[in-house]
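I opened this entry to look up a few things in the structure. My notes follow in the order I made them.

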Amino acid sequence: MPTKPTTTGSLLTALCPDLRAALTRVDYTADGLVDALGPDVHAALGRSEPVPVRRAARDAGELGTLIRLLLLGDALPETDVAAALAPVRLDDAVAAGLLTRDGDEVSAALDLRPLDAGHGNRWILSDLDDSMRRRTLTEEHVLGVGHASLSLLRATPTEPVGTVLDLGTGCGVQAVHAAAYSDRITATDVNPRALWLAQATAALNELEIELLEGSWFEPVAGRRFDQIVANPPFVVGPARIEHTYRDSGLALDGASELVIGQAAGLLAPGGTAAMLAAWVHVEGQDWRQRVSSWLPEHGVDAWVVQRDVADPGLYVGTWLRDAGLDPRDPEAQERAARWLDAFEAADVAGIGFGFVYLRAIDGPTELLAEDLTHGFDDPLGAEVGDYFARSAWLRAVGADENLAWRSRFAPSPATALERVYLPGEDGWAEQVARLHRGDGPRWQHEVDETTVALVAGMRADGLPLYELIELLALADGAEQVTPEFAAQALGVVAGLVRHGLIRPV
């Protein structure tokens with residue numbers, strides 16, 4: 001598809017100044033919803049339970065009217081909606097595609113919800129979903145603020161940058177988020193309806209976003225960006241497109257392969273990419289090798305985080321429900337059968353899902369692909385910059401090992417030593433010792449007593465690493481540090497540095 005800039009304003013975009021005034025006047029904001037509904041009822045909203053929300057909204061005045069209209073999908077008297085949306089004219093809102101009219105009642109034709117992702121209130125326009133009313137989604141459906149979008153928001157680094165590319169912007173939620181940490185934003189999508197809604201979302205939030213129509217990276221060929229954010233149509237399955245927001249037309253994990261393989265070529269020196277992705281687990285193949293094969297041989301430091309692995313049957317059922325289908329219906333069963341047939345033909349044993357981070361470097365490609373399937377609450381995005389800084393330090397050590405030997409180290413303030421004991425014949429018997437971080441991704445490393453002693457001796461004003469391991473060797477009765485002992489100690493230190501359990505000072 002040829003690249004086309006989206007510059008022509010729509011009726012919906014033209015409506016946005018008055019719409020913003022109405023939403024601001026009644027406090028239709030993320031905080032305003034919590035204040036009006038209370039935390040318990042607001043939680044019910046997130047669980048797609050309309051009855052508690054509707055009851056609370058009845059006592060919330062004009063804000064309650066907009067909650068019922070825009071979030072619950074209720075048909076309401078025209079006079080009530082006109083008062084709540086003033087200065088918006090209802091005829092203009094209907095013509096713009098925001099509302100529909102049926103006699104004396106008005107309903108929402110679009111989803112409009114407030115969001116605070118840590119940088120103040122924003123409003124996001126998207127198509128109506130089935131969270132409050134059963135709907136079957138169309139092929140061109142534009143998804144709103146779903147679980148995947150929110151997870152990527154929390155997992156995206158927000159250090160200030162100059163330029164950002166939002167690949168496959170959809171409703172524009174990632175691009176709007178990027179406005180808080182970047183100077184210029186470019187957003188692309190193959191779906192014209194998505195760009196229509198993203199343009200209105202930008203206008204509603206008084207943001208300037210360059211919007212380009214086209215497939216994958218074609219609209220920005222030859223350009224470079226300081227950061228790329230992507231929530232692509234990564235759903236793993238047969239080569240088909242039933243819903244453009246999730247289906248790529250590429251077989252299995254072809255969409256993730258394409259984006260991961262090509263994104264690095266659009267990064268400026270030192271630039272970062274943060275992407276959602278999925279990959280198949282094939283019988284007899286390590287998933288890490290599969291993802292590694294997608295990367296170029298030069299120029300990338302990659303960190304791949306697998307957050308979950310789904311059974312094929314569970315995976316298919318989840319995405320059928322996501323499209324508003326009941327897996328018990330005959331049509332849905334036919335789709336499920338074709339989907340699972342494709343998995344069986346490719347020996348797919350599971351589907352991994354997670355985040356892929358890339359940093360443009362001048363050197364051979366490096367990759368750390370790891371499982372982080374345990375629970376942690378801190379946003380992963382805050383860890384990304386630190387991770388790549390630690391990775392760069394380790395590359396420097398690879399070029400000059402003496403850098404590590406003459407460096408001093410200190411444990412992270414959040415690092416703790418844990419010892420696990422179980423009952424034994426002579427009382428409590430230690431089973432394992434671990435160092436673990438109490439913040440960020442909460443990494444854990446099983447350690448031996450030598451490592452425990454090594455970390456215990458680390459201080460910012462203490463001895464360099466080589467002198468520490470000399471003391472450890474003497475304590476073990478050795479006259480000098482053997483090459484084997486030094487190599488083992490350096491390997492342990494490198495692992496602890498990579499995960500932020502200790503840091504060079």
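I began with the record. An unreviewed UniProt entry annotates residues 26-109 as "domain: DUF7059". UniProt positions are given here in the numbering used for this chain, feature names are shortened, and annotations may be inferred rather than shown by experiment. I noted that this is a predicted model, where local features need pLDDT of at least 70, side-chain atom pairs count only at pLDDT 80 or more, and totals for chains, interfaces and linings use all residues. Residues are numbered from 1 along each chain as its sequence is written, and side-chain values use heavy atoms, with hydrogens and water left out.

Over residues 26-109 I found 61% helix and 12% strand. The end C-alpha atoms of this stretch are 20 Å apart. Helices (H or I, at least four residues) and strands (E, at least two) are DSSP runs, numbered from the N terminus.

**Cores**

Next I looked up the nonpolar cores. Such a core is a set of buried Ala, Val, Leu, Ile, Met, Phe, Trp, Tyr and Cys residues joined through side-chain atoms within 4.5 Å. Buried means under 20% relative accessible area, exposed over 50%, partly exposed in between (1.4 Å probe, protein chains only). The largest core has 99 residues, and Leu 112 and Trp 303 are among those with the most contacts inside it. Helix α9 (residues 192-204) gives the largest share of this core, seven residues. A second, separate core has 30 residues, including Leu 167 and Val 259.

I then checked Leu 112. Beyond its neighbours within four places in sequence, its contacts (heavy atoms within 4.5 Å) include Leu 19, Tyr 28, Trp 123 and Leu 204.

**Helix α18**

I listed the buried residues of α18, among them Phe 485, Leu 490 and Val 497. They fall within an arc of 130° seen down the axis, so they line one face of the helix. The arc is that of the directions from the helix axis to the C-beta atoms. The face turned away from this buried side carries exposed Pro 483, Glu 484, Ala 487 and Gln 488.

**Strand β13**

Is β13 (residues 348-364) largely enclosed or open? Twelve of its 17 residues are buried, so the strand is largely enclosed by the rest of the structure. β11 (residues 267-282) pairs with β13 in the antiparallel sense over eleven bridges. Pairing needs at least two DSSP bridges between two strands. Thr 272 stands opposite Arg 359. β12 (residues 298-310) also runs antiparallel to β13, joined by eleven bridges. There, Val 305 has Phe 355 as its bridge partner.
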